[in-house]
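Subject: Structure handover

Hello,

Please find the structure below. My notes on it follow.

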Amino acid sequence: GCKNGTVRAVGPTRLVDGAPTALLLCVGDRVVLDPLGAPKLKIEGKEMILLRAEDVVGRLSTGSAVSV
């Protein structure tokens, strides 16, 4: 099922129809995600899930926008 999580990092853009487009997620956003099949890794003992922006089901709250 779905899980809640916090966005820890974002890339500068994503591709939409082959063109770079600004991301709609920011570091610190609380999101609902479906981790099924998503790569999991451990960083400093914490489990992280690597997702594309389109794999996020919804946003619960907004964090601070960060320039990357």
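Strands here are DSSP runs of E with at least two residues, numbered from the N terminus. Strand 7 covers 56-61, and Gly63 is found in the segment after it. This is a predicted model, in which local features need pLDDT of at least 70 and side-chain atom pairs count only at pLDDT 80 or more, while totals for chains, interfaces and linings use all residues. Residues are numbered from 1 along each chain as its sequence is written, and side-chain values use heavy atoms, with hydrogens and water left out.

Gly63 is partly exposed, at a relative accessible area of 24%; the class lies between buried (under 20%) and exposed (over 50%), using a 1.4 Å probe and protein chains only. The C-alpha atoms of Gly63 and Gly28 are 4.0 Å apart, although 35 residues separate them along the chain. Beyond four places in sequence, Gly63 is in contact (heavy atoms within 4.5 Å) with Val27, Gly28 and Asp29.

Asp29 sits in the loop between strand 3 (19-22) and strand 4 (30-33). Asp29 is buried, with a relative accessible area of 0%. Its side chain makes a polar contact of 2.9 Å with the side chain of Arg59; such a contact is a pair of N or O atoms within 3.5 Å, where within protein one must be able to donate a hydrogen and the other to accept it, and residues adjacent in sequence count only if both atoms are side-chain atoms. A polar atom of the Asp29 side chain also lies 2.9 Å from the backbone nitrogen of Cys26.

Regards

How values were computed
Helix = DSSP H or I, 4+ residues; strand = E, 2+ residues; numbered from the N terminus.
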